[in-house]
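Subject: Structure handover, aromatic contacts

Hello,

Here is the structure I am passing on to you. My notes on its aromatic rings follow below.

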Amino acid sequence: MSFGRTGTTPNDPRISLVVPVYRVQGYLRACLDSVLGQSFTDFEIIAVDDRSPDSCGLILDEYAARDSRVRPLHLERNQGIGKARDLGVREARGDYIFFLDSDDTLADGALAAVAERLERTGDPDILLVDHVRTYWWNRVQGSAAREMLAEAGPDVFTALERPQFLTMFTVVWNRLYRREFYLAGGFSFTDGIYEDALMVYRTMLSAERIACLPQVCVEYRQRRKGNSLRTPGRQHFAVFEQYERLFAFLDERPHLDPVRPLIFERVIDHYLFLLFREERVQPRDRAEFFRRAAAHFQRYRPAGYVRPQGSLGVRFDLLARGSYPALVAARTVADARNHLRKRAAKARVGLGRKAYDQLYRMHLRRPIDENLVVYSAYWNRGVSCNPRAIHDKARELAPHLRGVWVIRAGAEHTVPEGVDFVVARSPRYWEVMARAKYLVNNVNFPDEIVKRPGQVHLQTHHGTPLKQMGIDQQRFPAAAKNMSFGKMLERCDRWDWSLSSNRHSTEIWERVYPCSFENVDSGYPRNDVYFRSTAADVARIRAGLGIEDGRTAILYCPTVRDYQKGFVPRLDLERLTRELGEDHVVLVRTHYFYGRDPRLQALQDRGLIKDVSAYPVVEDLCLAADALITDYSSIMFDYACLDRPIISYVDDWEVYAKARGVYFDLLSQRPGETPGATATSEDELVEVLRSGAWKGERATALRAAFRERFVQFDDGNAAERVVRKVFLGQEAAPAVLPLAERTPAPAPAAAVLPVIPRQSTGGEDLVPADRSATA
């Protein structure tokens, strides 16, 4: 590793942003985009990959390839956030160091405002900046320091002159450091958490020139879970060592005695804050934590120190006397009652409806059956999707496990022969839900289901996200109506494992479902069939669907619209079949939210289409089809495994994108976003088919890039990887073959869609719109 220079040259940037990176793949892109999108451009990003076990390193390399200002450092071993920052500083070349956490973002215009204030104040040692807290439910909370920062104006001062600035939030990312000052002071981070507080006090008390910028520069993300400071455990005892170092620093500098009482009070208040926080110090450790805090109170109390007034003074007094039982008793009865009330309400919801309350309670007291697996898919609609593929592979690799499917009443006839099942909310349902070791679903189980200690919940999902998901839906009324995001996250809190078929999905799931699950980058088990089926399998499926030899099958799969009720045909299917001719057959599959549609039935009765909406295995339909026409359905990502043409028919793109929200632009023509030919009207779709654009060189190149991005883990072995990892506790190798060497099922041999001769359109050829893939 090469280290940065300590001098400044005309080619060096004004600001070096040092970004430590570890397990933030769901947030890292937003962080980097917020910096690279700044109007002020004279900066560099030193992104330190602290041996992150997820895709963070790959994301950094991707951004570095696009922008030379991103300079990734990949560490050979995990060293912690402090050491990662230290290594970033050694590589930095800028006049100023700006520490930015990789799950936070810069506000628009932040760097321009910083650069202007630095120049105006004559390059101070430290520039303090404002921030806001952003919460997953879209709340934005201003900082307590805003007015104080504004009152400072353009003044430059020391901490002794204005000690109130020592009360600012003690983090390193709400201030910039002049690099020469930082290096000359020999500052470095210490091991353990709460390293920011020590660094803040040391640098603030050493700086000769401090300035302020009362503009919000940092958007501090309040992650629901995943923050090390919100993980309870013994690691929080590190706060004592950090503050011991701080007091040693003060002991060596008697001229700082005037601010010692203020710092002492801040330290003791910090101890009391941590003591009873559920996400910090565990109950069994609190008495010991209290004793350590009381010892520090006696050891470091300044001479003549006067305790604060009010309730804080009472807590200080109890700490000084070493009276832990009294401090516990001092916690208000109202808070305790409120806590118990919330827990009781949650327990009532978790125990199910009143009629089954006693039965479910009884089964919850029985031992967990270590060999029982409960499967469900699509809200108990049948035996399908990823859970089915996992169930089938578990029968082969883990025969000691007994699988039971949950089926809604009326769907019993859809269960394959030999598969055990229970009807939802039947007496046996409550038993298997209470006692199963493993719970496997591609959606969430109902709120009333309790996740017992010892149970393992596997969330398989059922698609790759194009549309906004999870807490991202809060910004889109059409998607968020009648949805309780708090309840949704409580359901997601039950997940232990979350499956993914590509890194895009992994990043999205981690961010939009901020819960404590582990990712399994396995590929989708339901997609295994695309790599294991033979030409004979394809022929058999087509015969079963009644597709005659020599006919080309087009599968049309539109998805649901949140802003519409019921199935609304967006395509004149009669016209499409007429344009295609007798050599083609159109298979139509509506979203499973819709029931049978009489208009489709009428077209089928006339022999114009095949309505396959009720066909139980969508993978069979994909194997049978020569090409796919879809809009925003996640079927496009699965169909990409087959490396067959995909046509995006999106006549309502602008409306859908605004009403539902999307993660990328299907019509952008950018590699990795557009899967092939596109059309935004029926006329364009017909032209795409007539001209051969659907299978042309441009569409083929787009499909290749789309597969490169989204068919990353799928290789025919996903189900085995999942069963070995989740059920058997074995590490299974991920997909190792390059994508080009993974052989999908062959397309139907006789089905080659010809170019359809152009027909007259009133004297002029049809000209596609600008955003079609015929360009």
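Start with one aromatic cluster: Phe-99, Tyr-177, Phe-181, Tyr-182, Phe-187 and Phe-189 form it. The model is predicted, so local features need pLDDT of at least 70, side-chain atom pairs count only at pLDDT 80 or more, and totals for chains, interfaces and linings use all residues. Residues are numbered from 1 along each chain as its sequence is written, and side-chain values use heavy atoms, leaving out hydrogens and water.

The whole structure holds 37 aromatic pairs. Rings of Phe, Tyr and Trp (its six-membered ring) pair if their centres lie within 6.5 Å; planes under 30 degrees apart are stacked, over 60 edge-to-face, the rest tilted.

Take Tyr-182 and Phe-187. Their ring centres are 5.7 Å apart and their planes stand at 55 degrees, so this pair is tilted. Tyr-182 is buried at 1% relative accessibility. Phe-187 is buried too, at 14%. (Buried means under 20% relative accessible area, exposed over 50%, partly exposed in between, with a 1.4 Å probe and protein chains only.)

Next, Phe-637 and Phe-706. Their centres lie 5.4 Å apart with planes at 20 degrees, so the pair is stacked. Both residues are buried.

Two charges also sit over rings (NZ of Lys or CZ of Arg within 6 Å of the ring centre and within 35 degrees of the ring normal). The charged end of Arg-85 is over Phe-99, 5.9 Å from the ring centre. Arg-234 lies over the face of Phe-237, at 4.2 Å.

Best wishes
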